[in-house]
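Please look over the fold of this protein and its charged pairs. A short report is wanted, in plain terms.

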Amino acid sequence: MATHADQQYLIDAVGPLCAPLHKSLERARSIAEAHFLEHGMNEAEDQCGVTHLTRFHLRSRLRVEHLGGWTLVQNRMNGQVLLRQGMLKMRVLHEWPKDGIPAPGSNEARIHYWRNPDVGLYGVEASQLVGVWGLTEQDEIDIRIVRTVGRWSTGQAAKVDIDFPLSRTWDELANLEFKPSTGSIDVVLPFERDEDEGDADTARG
């Protein structure tokens with residue numbers, strides 16, 4: 001189970017990402033939406049395409065942003081957004097479903113990442129985080145940082161031991177109150193989709 005010290009370490013670590021990640025996601029999403037609207041693609045079925053294009057524009061934006069010690073890992077396929085600082089990693093993904101934490105699906109590399117095995121060996125410094133982003137009712141970017149601790153299947157609770165919002169400023173983030181988790185959060189997932197190596201599905205960002 002995560003401790004107060006674990007969460008505080010991660011808050012301090014991701015603090016430099018508050019402003020650049022929010023700004024980059026907002027700009028990337030705006031460009032992607034404008035492209036689809038320009039070409040008359042504004043149906044519900046087109047939204048996965050908007051998310052996919054957002055991911056590529058986000059990578060482009062993050063390449064030129066100052067990330068406070070974090071670096072953007074070179075893309076292997078599918079526009080994956082993976083940030084790294086030492087042993088600490090964070091994948092940036094679009095929520096799936098609404099307000100949900102994406103499940104690992106059947107991809108072995110993703111399952112391994114979601115299980116966070118290195119935390120038991122090296123401590124919190126080796127955490128593999130997921131930055132889950134979505135839109136608020138006011139159509140503003142909302143980002144939460146989660147540390148997953150295992151695999152879950154369709155309809156089951158998401159297995160996480162740390163979950164906190166990434167504020168727009170470092171000062172706001174520093175004032176978060178620690179709330180220990182029992183190791184899972186009830187998030188109903190209607191079905192799973194993969195977007196990792198060897199997966200063609202791009203519905204999630």
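The report below goes from the overall fold to the sheet, the helices and the salt bridges.

## Overall fold

This is a predicted model. The protein has six helices and six strands. From the N terminus, the elements run α-α-α-β-β-β-α-α-β-β-β-α.

The protein has 205 residues, and buried residues make up 47% of them. Its accessible surface comes to about 10000 Å². Carbon and sulfur atoms account for 50% of that surface. Take the contacts between residues at least 6 apart in sequence: 61% of these join residues at least 24 apart.

## The sheet

Six strands form an open sheet. Their order is S1-S2-S3-S4-S5-S6, and the pairing is mixed. S1 and S6 stand at the edges with a single partner strand each, so one side of each has no neighbour in the sheet.

S2 and S3 pair in the antiparallel sense, over four bridges. Here Arg84 stands opposite Lys89 in S3.

## Helices against the sheet

Helix H3 covers residues 47-62. Its 16 residues should span 22 Å at 1.5 Å a residue, and the end C-alpha atoms are 22 Å apart, so the two values agree.

Several H3 residues are buried: Val50, Thr51, Thr54, Arg55, Leu58, Arg59 and Leu62. The buried residues of H3 pack against H2, and also against strands S1, S2, S3 and S4. H4 lies across S2, S3, S4 and S5. H4 runs at about 120° to S3.

## Salt bridges

How many salt bridges does a search of the whole structure find? The search finds five. Three of them are described here, including the pair Glu26 and Arg168. Side chains of opposite charge can pair when their charged atoms come close.

Glu26 forms a salt bridge with Arg168, and the closest N and O atoms are 2.4 Å apart. Glu26 lies in helix H2 (residues 18-38), while Arg168 lies in the loop between strand S6 and helix H6, so the pair ties together parts 142 residues apart in sequence. Both partners are partly exposed: Glu26 has a relative accessible area of 32%, and Arg168 has 34%.

Asp163 forms a salt bridge with Arg144, with the closest N and O atoms 2.4 Å apart. Asp163 lies in strand S6 and Arg144 in strand S5 (residues 141-148), so this pair ties together parts that are 19 residues apart in sequence. Asp163 is partly exposed, with a relative accessible area of 27%. Arg144 has 19% relative accessibility and counts as buried, because the cut-off for buried is under 20%.

The side chains of Asp161 and Arg147 also meet in a salt bridge, at 2.7 Å from N to O. Asp161 is in strand S6 and Arg147 in strand S5, 14 residues apart. Are these two residues buried or exposed? Asp161 is buried, and so is Arg147.

## A buried glutamate

Where is Glu95 found? Glu95 sits in the loop between strand S3 (88-94) and helix H4 (108-115). At 10% relative accessibility, Glu95 counts as buried.

Which residues is Glu95 in contact with, leaving aside neighbours within four places in sequence? The contacts are Gly100, Val132, Trp133, Gly134 and Leu135.

How values were computed
Residues are numbered from 1 along each chain as its sequence is written. This is a predicted model: local features need pLDDT of at least 70, side-chain atom pairs count only at pLDDT 80 or more; totals for chains, interfaces and linings use all residues. Side-chain values use heavy atoms; hydrogens and water are left out. A salt bridge is a side-chain nitrogen of Lys or Arg within 4 Å of a carboxyl oxygen of Asp or Glu. Helices (H or I, at least four residues) and strands (E, at least two) are DSSP runs, numbered from the N terminus. Buried means under 20% relative accessible area, exposed over 50%, partly exposed in between (1.4 Å probe, protein chains only). Contact means heavy atoms within 4.5 Å. Accessible areas come from the Shrake-Rupley method with a 1.4 Å probe; for residues, only the protein chains shown count as cover. The expected span of a helix is 1.5 Å times one less than its number of residues. Two strands pair if DSSP finds at least two bridges between them. Axes are lines fitted to C-alpha atoms, for helices over the stretch in contact, and angles run from 0 to 180 degrees between N-to-C directions.
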